[in-house]
Amino acid sequence: MSRPPFLTLPGCARAYRLRTVRGEFAVHDARPEGAARGAVLLVPGFTGSKEDFIALLEPLVRAGFRAVAVDGRGQHETEGPRDEAAYAQEELAQDVLAQAAALEAGAGGGAAERGVPLHVLGHSLGGLIVRAAVMRAPETFASLTLMSSGPAAISEPQQARTKLLIDALTVSDMESVWQAIRELDPPEAPEESTSPAVEDFLHKRWLATVPEQLMATGRQLNREPDRVAELAAVPLPKHVLSGVLDYAWPVPLMDEMAERLAAHRTVIKGAGHSPNAERPQSTAEALIAFWDGLARQ
């Protein structure tokens, strides 16, 4: 479970509901004062939300990038139906494409982003979703970053934990399962203190998430096929970023995936599964360096 280091939006950002052809999505939208030289759509992972990227917003904006973090359907402040079919990976991928189209058209009260490179980043489960979106419509994006997201299903120990969670969700209410999800935090996760405000947020976010979203996406994490060869054939610049330790996908597996994709590779020192929350400054610098490198090509 990704833990944002703080919850206060920086002055460059605002929260609103992004209107798309596939419904409204709760977002945090951070913009530079002048014209943006690029934009990035930030897609969170399993049990996550837009707040997981909150510490990235200001450093990205300082570098001239617009950053839009989104709650996917059924996540936190974005509504979703009580139907697992609504959270099929193809449905979630089409949501990402709709969000990108809305940003390009100027939704949210800002200028249209036509002509501005739009990058996409998916964290963990979000990486599986955005790669499906990229393979469906690669022309939508200027680049793809997979953050702490692997080539196929998660590791066997995490599959077992996720199955336990899915089974619990089928028979218990969200409040009862809260203690179970807390126990899913692996022993190798970074030991960092969390403020009472963030702990309270994590609890409220969990209760606000649609259980069918968790069950459907949990099954995706456990069953995802290896689609690296298919993604490698997409002519789009790719970036694989992770921490030095990962419990969902072992780091050597992500190293190998980067090679198969001919992708730029970044390992963030001192970070685990959530570099965006654990080492946000280093993560932002790595993202900016990747995008700057593309602009110079």
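Threonine 162 is buried here, with a relative accessible area of 6%, where buried means under 20% relative accessible area, exposed means over 50%, and partly exposed is in between, using a 1.4 Å probe and protein chains only. Before I go on: this is a predicted model, so to speak, with local features needing pLDDT of at least 70 and side-chain atom pairs counted only at pLDDT 80 or more, while totals for chains, interfaces and linings use all residues. Residues are numbered from 1 along each chain as its sequence is written, and side-chain values use heavy atoms, with hydrogens and water left out.

Back to threonine 162. You'll find this residue in helix α4, residues 156-171; helices are DSSP runs of H or I with at least four residues, strands are E runs of at least two, and both are numbered from the N terminus. What does threonine 162 touch, leaving aside its neighbours within four places in sequence? Phe46, Ile154, Gly218 and Asn222, with contact meaning heavy atoms within 4.5 Å.

Glutamine 159 sits in helix α4 too, but this one is partly exposed, at 23% relative accessibility. Apart from neighbours within four places in sequence, glutamine 159 contacts Ala153, Ile154 and Asn222. Asparagine 222 is 63 residues away from glutamine 159 along the chain, yet their C-alpha atoms are separated by 5.4 Å.

α4 packs with helix α7, residues 211-223, at an angle of about 155°, and the axes are 9 Å apart. For the record, axes are lines fitted to C-alpha atoms, for helices over the stretch in contact, and angles run from 0 to 180 degrees between N-to-C directions. So α4 and α7 are roughly antiparallel; the cut-offs are under 35 degrees for roughly parallel, over 145 for roughly antiparallel, 65 to 115 for roughly perpendicular, and oblique for the rest. Their crossing is left-handed, which is the name used if the near helix is turned anticlockwise from the far one by less than a right angle, with right-handed for clockwise. On the α4 side the contact includes Gln158, Lys163 and Ile166, and on the α7 side it includes Leu214, Met215 and Arg219. By class, the α4 and α7 contact has five nonpolar, six polar and two charged residues. Nonpolar here covers Ala, Val, Leu, Ile, Met, Phe, Trp, Tyr, Cys and Pro; charged is Asp, Glu, Lys and Arg; the others, Gly among them, are polar.

Next pair: α2, residues 89-104, and α3. Their axes come within 8 Å and cross at roughly 70°, so α2 and α3 are roughly perpendicular. Among the residues that meet are Leu92, Val96 and Leu97 from α2, and Leu128, Ile129 and Ala133 from α3. The class count for this contact is nine nonpolar, two polar and two charged residues.

Val96 comes up again in the core. The largest nonpolar core has 65 residues, and Val96 and Phe141 touch the most other members. A nonpolar core, by the way, is a set of buried Ala, Val, Leu, Ile, Met, Phe, Trp, Tyr and Cys residues joined through side-chain atoms within 4.5 Å. Helix α3, residues 125-136, gives this core its largest share, eight residues. Not counting residues up to four places away in sequence, phenylalanine 141 touches Val96 and Leu236, among others. There's also a second, separate core of 26 residues, including Ala13, Leu60, Val61 and Phe290.

With α11, residues 280-296, the axes of α1 (54-62) come within 9 Å and cross at roughly 40°, which makes the pair oblique. α1 passes α11 in a right-handed crossing. Just after α1, glycine 64 takes a positive phi of about 95°.

Most residues other than glycine have a negative phi. Serine 148 has a positive phi of about 50°, and is found in the loop between β6 and α4, buried at 0% relative accessibility. Alanine 262 has a phi near 55°, sits in the loop between α9 and β8, and is exposed at 72% relative accessibility.
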